[in-house]
Amino acid sequence: MALTVGLRPLTRALLRPWARVPGAALGRPAAGSGDGVRCFGSPRVLVEPDPAAGVAVMKMRNPPVNSLSLEFLTELLISLEKLENDKTFRGIIITSDCPGIFSAGLDLLEMYGRDPAHCAEYWKAVQELWLRVYLSNLVVIGAINGISPAGGCLLSLSCDYRVLANNPKYAIGLNETLLGIIAPFWFKDVLVNTIGHRAAERALQLGFLFPPSDALQVGIVDQVVPEDQVQSTARSVMAQWLAIPDHARQLTKNLVRKPTADRLLQQRDADIQNFVRFISRDSIQKSLHVYLEKLKQKKG
């Protein structure tokens, strides 16, 4: 699937195979790997490869809360594309390098006070990330080591398996209504597929953020473990998934997920236009303004 967002100078640099760019914290061995295996990545994404296991750990590091900005989305997409194109890797573990935060979701600053062209470009990148993760031939496991609302929840739901840290401060859910906006139909589709129609209907309308025990009970995550066991559990689960022949698992994944992805692919341009119209409304811009002001006050 081709990358659809615009190519900026940073993006063009990242497209070079295994690009090493400033701030990537390279030069140290990857966790769990043999000597000589080095991390690679970009300013906002760190990849720790373990070629012997056929697995890479992708750490999001866009502090303070891993908001999915346009540049961050682009770096995530490029890292995914590199791993998918390297036959060494059969699975990836997506996690966070920001303490207490998996991802706070979409970057509201990409939607507030922006012109329609920018909003359209941003939404293309959001669509693309979901499609790439949701349909990836790799086994994708979410090691959710922090709060994961809205777009962060979507990223988690797109994984094949989700392990959540058992910390009462952490919660996960599609809480868009609390911000005065609505979850797009494809966000809704993934949640319905995961927890069922009635549970999703209530969760979406009320903007539920599920604490770990409730998230496990409703099925939004597959496992809840002590915080210091999230990574090791994700690796153990990965070994179980990689025991299945790739072709059988990939074809089955496509059989189950393609109809959901096709709904977006068939309406992709219309979805972008609807998003731009919606986010450009005065009432929505005012809601975003109010929410951003509240965030500023909290930080102050």
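Helix 5 and helix 6 cross in a right-handed manner, a crossing being right-handed if the near helix is turned clockwise from the far one by less than a right angle, and left-handed if anticlockwise. The model is predicted, with local features requiring pLDDT of at least 70 and side-chain atom pairs counted only at pLDDT 80 or more, while totals for chains, interfaces and linings use all residues. Residues are numbered from 1 along each chain as its sequence is written, and side-chain values use heavy atoms, with hydrogens and water left out.

The axes of helix 5 (residues 185–195) and helix 6 (residues 197–206) come within 7 Å and cross at roughly 135°. Helix 5 is therefore oblique to helix 6 (angles under 35 degrees count as roughly parallel, over 145 as roughly antiparallel, 65 to 115 as roughly perpendicular and the rest as oblique). The contact (heavy atoms within 4.5 Å) involves K188, L191, V192 and I195 of helix 5 and H197, A199, A200, A203 and L204 of helix 6.

T260 lies in helix 9 (residues 246–266) and, at 10% relative accessibility, counts as buried (under 20% relative accessible area, with exposed over 50% and partly exposed in between, for a 1.4 Å probe and protein chains only). Not counting residues up to four places away in sequence, T260 touches W130, Y134, D189 and N193.

T88 is placed in the loop between helix 2 (70–85) and strand 5 (91–96). With 35% relative accessibility, T88 counts as partly exposed. The C-alpha atoms of T88 and P51 are separated by 6.1 Å, although these residues are 37 residues apart along the chain.

Methods: Axes are lines fitted to C-alpha atoms, for helices over the stretch in contact, and angles run from 0 to 180 degrees between N-to-C directions. Helices (H or I, at least four residues) and strands (E, at least two) are DSSP runs, numbered from the N terminus.
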